[in-house]
Amino acid sequence: MNTEKNIDCFLVYCGEQSIARIVAELRKENLVNQIFVMAPEKLKIEGCEVIVTQNPQSCQTILEIGRLIKADYALISMNGRCFTPGQFALERMVQVAEETGAAMVYGDYYEIASGEMRPHPVIDYQHGSLRDDFNFGAAQLFQSDILKAFKYENFENLKYAGYYALRLRASRKGKMFRVPEFLFTMEETDTRKSGEKLFDYVKASAREKQMEMELVCTAHLRAAGALMRGPFARIDLSGQFENEASVIIPVRNRIKTIRDAVESVLVQKTSFRFNLIVVDNHSTDGTTELLREYATAGKLVHIVPERLDLGIGGCWNEAIFHPSCGRFAVQLDSDDLYADENTLQKIVDKFYHERCAMVIGSYRMTNFKLEEIPPGVIDHREWTDDNGPNNALRINGLGAPRAFFTPILRKIRVPNVSYGEDYAIGLAISRDYHIGRIYEPIYLCRRWEDNSDASLNIEKENAHNLYKDRLRTFEFKARIRKNEREAGGEL
C-alpha cells in the first residue's frame with residue numbers, strides 16, 4: 001500500500017477544544033498531509049488551515065475543497081462532532097479504496113453518549129440510499145478526482161446540498177464501500193429517541209434545505225436514467241363493488257387505542273355505503289374480545305387470519321381480497337383516529353375529482369390524549385404533481401392517511417412486513433399513476449410509548465433504514481427499466 005502522505009483532511013469546526021483535539025490526533029497519522037477546518041470566521045488553530053464559510057455543506061465549499069486538495073484522497077467530516085480515528089483506521093480506508101477502486105469509503109464507529117461508549121454500526125450503501133440524512137459515520141474517504149471534477153449544473157449557489165450532491169455524484173462514478181469495522185469513536189450530541197427525530201425534515205425551518213435536496217436528487221435521477229416524467233395516468237374507477245369504500249385496520253394487542261380508532265370510523269357521514277374491516281392478528285390482550293362485540297352488533301367485519309406469519313402488510317392483503325372490500329381501501333392505524341366525521345367523504349371525493357389511483361391526506365401529530373404536539377400538522381406540501389413521484393425516492397414517507405383504488409392494490413399486493421409496506425406501495429403506484437393529495441389535516445397521528453418506532457435500538461433502526469433503502473433500490477431499477485422500454489432501448 002502507498003505509504004506517502006496521501007490524505008488531505010477537511011473538518012467542520014466543532015468548538016475550540018474539540019477541533020484542537022481532532023487536529024492533534026490527525027497530525028499523528030502517517031498518511032495525513034494537509035488539514036483544513038471549515039469555520040464561520042477566521043480562527044487560529046494550530047496544525048491546520050481555516051476555510052471561512054457559513055455553510056460547510058454548500059456547493060461553493062465543496063468546490064473550494066476540490067481546489068485545495070493535493071493528496072490522492074480527501075477525508076471529510078461534515079457532522080460537526082468530535083471524533084478520534086481508531087487504530088490504523090486511515091490506513092484501512094486507503095487500503096480498501098485502493099484495492100476496490102471505490103469512489104468513497106466509510107465505516108462503523110463507536111459512539112460516546114452520556115459518558116458511555118457503545119458500538120454504532122452503519123448500513124451498506126445501495127442505489128436506493130437516496131436519503132439526505134444517510135449516516136456515513138464520523139468521516140468519509142473520497143477519491144480526490146471526485147472532488148476535483150465536482151460541478152453541479154446550475155446549482156453552484158446551493159447553501160445546504162453541496163455535500164449531498166457530491167456523494168450522489170460519487171455514487172454514479174464508482175462504488176460506495178462500507179467497511180464493517182469500527183474505524184472511529186465519535187461523540188453523540190443528539191440523544192433524542194428515534195421517534196423524536198423522525199419528523200425533523202418537515203419542520204418549517206428545514207424548508208429551504210429540503211427544496212435544495214429535492215433539486216439535487218432530481219438531477220441525480222435524471223443523470224441515472226431513473227427520472228419519471230408526467231403526466232401520470234388518470235384511471236377509470238368503474239366496476240361492481242358491494243361497498244364504495246372499506247376502512248382497513250390491521251391490529252395486534254392495541255386494547256388501549258382500538259376502540260377510539262373504530263369509533264372514529266363508525267361516526268363517518270357519507271353519501272355512499274362503506275364498511276370497516278379489522279384484521280385482528282391474533283391479539284392476546286383483550287382486543288379480540290372487544291372487536292367481537294362490534295362484529296356481533298354488525299358494525300364491522302372482524303377477520304382473524306388462519307395464517308400465523310402475517311405482518312401488517314399481510315393483514316392488508318387479507319382485507320383487500322375479502323369479498324366485502326370496497327372500491328377504495330382506506331388506511332387507519334390502530335393507534336390513530338380520523339380527524340372528524342367527514343374524512344372518508346373527502347377521500348372518496350378526491351378519487352373521483354382527480355381519477356387517481358391513490359389518495360394521501362395530511363395529519364396532525366398528537367399525544368395519547370389527542371393534544372397537538374410538535375411539529376403539528378404534516379401535510380407534505382413539497383409534493384407536486386410533476387416531481388412528487390421523484391422526490392418520493394428521497395424522503396422516508398408519503399403521508400397519511402393513505403387510500404387506494406382496490407383493483408390496483410390487488411394487482412400490486414402489499415409486502416408482508418410490518419414496516420415500510422405502505423411506502424413500498426406508494427412508490428410503486430407513483431411510478432405509473434396519478435396520486436391525489438389532501439392538504440388539510442384529516443387524520444390524528446397519535447404518538448406514545450407503544451408506537452412501533454418510538455424508541456428503536458440501533459440494530460432495529462438500521463434494519464428499518466436498510467429495508468426502505470432496498471425498496472428505493474427496487475424502485476430505482478424499475479424506473480430505469482421503464483424509461484428504457486419507453487425509449488425503445490436495450491435493457
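# A first look at the chain and His-120

Trainee: How many positive and negative side chains are there, and how far apart are the centres of the two sets?
Mentor: The protein chain has 64 positive and 70 negative side chains, with the centres of the two sets 3 Å apart. Lys and Arg count as positive, Asp and Glu as negative; His and the chain ends are not counted. Each charge is placed at NZ of Lys, CZ of Arg, CG of Asp or CD of Glu.

Trainee: What kind of model is this?
Mentor: The model is predicted: local features need pLDDT of at least 70, side-chain atom pairs count only at pLDDT 80 or more, and totals for chains, interfaces and linings use all residues. Residues are numbered from 1 along each chain as its sequence is written, and side-chain values use heavy atoms, leaving out hydrogens and water.

Trainee: Now His-120. Where is it placed?
Mentor: In strand E7, residues 116-120. Strands (E, at least two residues) are DSSP runs, numbered from the N terminus.

Trainee: Buried or exposed?
Mentor: His-120 is buried, because its relative accessible area is 11%. Buried means under 20%, exposed over 50%, partly exposed in between (1.4 Å probe, protein chains only).

Trainee: Which side chains make polar contacts with the His-120 side chain?
Mentor: Glu-111 does, at 2.9 Å. Asn-135 does too, at 3.4 Å. A polar contact is a pair of N or O atoms within 3.5 Å; within protein, one must be able to donate a hydrogen and the other to accept it, and residues adjacent in sequence count only if both atoms are side-chain atoms.

Methods: Helices (H or I, at least four residues) and strands (E, at least two) are DSSP runs, numbered from the N terminus.
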